[in-house]
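Colleague: I am new to this structure and would like to go through it by question and answer. Please show it before we start.

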Amino acid sequence: MKQFDQYFFVRWYEINGRDFPWRKEGVSPFALMITEMLLRQTQAVSVSKIWKEFICAYPEAGILASADKRELLQQLKVLGLSDQRTSALINAAKCLVLHHRGLVPNNLEELLMVPHIGHYTARAVLCFAFGYPIEIVDANILRFFSRYYGIDVKPDIRRNPRIWELARLALPVDSNKVKQHNYGLIDFASMICRSRSPVCHKCNLSFTCKKFI
């Protein structure tokens, strides 16, 4: 099976990666966890417009856990988020306060026990907040690997162990580069290997891509 260079996405990210405030150094694990929850089915550009103000208003779990739901919904209205999403944010924060002293767990098992934290979000937090050299797979990454390797997949991320394995094998050997690799993979899948009208003529992987061939 053909494989791209393991540092391809690291290099691609260094040149083409998107610049979002939550990707800066010093962002807290709590802020990153909340960011991942906000990004679900929401455009990153839209989240970036309200991110700083929102994180300043709710910098820690205790403050978000006691937030007024109507106020929170009003602040997130610009993103088109529902009452269900605001409830999820508050419930996740309450869990951290009740069971983790307001801190974000730094292991997969405990993260998955936090309400509304799924497999992608848990791994994204471990990678981007704690620096774990761990693979991540969201809907965009699932689409990229399925196209590149010509694999028929189910839309449910959890039901695609082969894709998770491919994502793990694609990680760079240098663990210090995994964060950039994962950010690069996210951006590449969103910007180049798009769901509709993929930009194959600008894709440096097209010559080994099963879908393109």
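Colleague: Which helices each supply at least two residues of the lining of the largest pocket?
Modeller: This is a predicted model, where local features need pLDDT of at least 70, side-chain atom pairs count only at pLDDT 80 or more, and totals for chains, interfaces and linings use all residues. Residues are numbered from 1 along each chain as its sequence is written, and side-chain values use heavy atoms, with hydrogens and water left out. Helices are DSSP runs of H or I with at least four residues, numbered from the N terminus. Those that each supply at least two lining residues are H2 (29-39), H3 (44-57), H6 (83-100), H8 (119-130), H9 (139-149) and H11 (178-191).

Colleague: How much space lies in the largest pocket?
Modeller: On a 1 Å grid over the protein atoms alone, a pocket is an open set of points where a 1.4 Å probe fits, with protein on both sides within 12 Å along at least five of seven lines; lining residues have an atom within 4 Å of a point. The volume is the space filled by probe spheres set on the points. For the largest pocket this gives about 1,200 Å³.

Colleague: Which residues lie closest to the centre of the largest pocket?
Modeller: The lining of this pocket has 31 residues. By class, 12 are nonpolar, 11 polar and 8 charged, where Asp, Glu, Lys and Arg count as charged, Ala, Val, Leu, Ile, Met, Phe, Trp, Tyr, Cys and Pro as nonpolar, and the others, Gly among them, as polar. Closest to the centre are Leu39, Arg40, Gln41, Tyr120 and Asp138.

Colleague: Which helix gives the most to the lining of the second largest pocket?
Modeller: The second largest pocket has a volume of about 180 Å³. Its lining has 13 residues, with Arg23, Lys24, Glu25, Phe128 and Lys179 closest to the centre. H8 and H11 each supply at least two of the lining residues. The most, 3 residues, come from H11.

Colleague: What kind of aromatic pair do Phe4 and Phe9 form?
Modeller: Rings of Phe, Tyr and Trp (its six-membered ring) pair if their centres lie within 6.5 Å; planes under 30 degrees apart count as stacked, over 60 as edge-to-face and the rest as tilted. The centres of Phe4 and Phe9 are 5.2 Å apart, with 80° between the planes. The pair is therefore edge-to-face.

Colleague: And what kind of aromatic pair do Phe54 and Tyr58 form?
Modeller: The centres of Phe54 and Tyr58 are 5.0 Å apart. The angle between their planes is 50°, and the pair is tilted.

Colleague: Is Thr42 buried or exposed?
Modeller: Thr42 is in the loop between H2 and H3. Buried means under 20% relative accessible area, exposed over 50% and partly exposed in between (1.4 Å probe, protein chains only). Because its relative accessibility is 13%, Thr42 counts as buried.

Colleague: Which backbone oxygen does the side chain of Thr42 reach at 2.9 Å?
Modeller: A polar contact is a pair of N or O atoms within 3.5 Å; within protein, one must be able to donate a hydrogen and the other to accept it, and residues adjacent in sequence count only if both atoms are side-chain atoms. The side chain of Thr42 reaches the backbone oxygen of Leu38 at 3.2 Å. The oxygen at 2.9 Å is that of Arg40.
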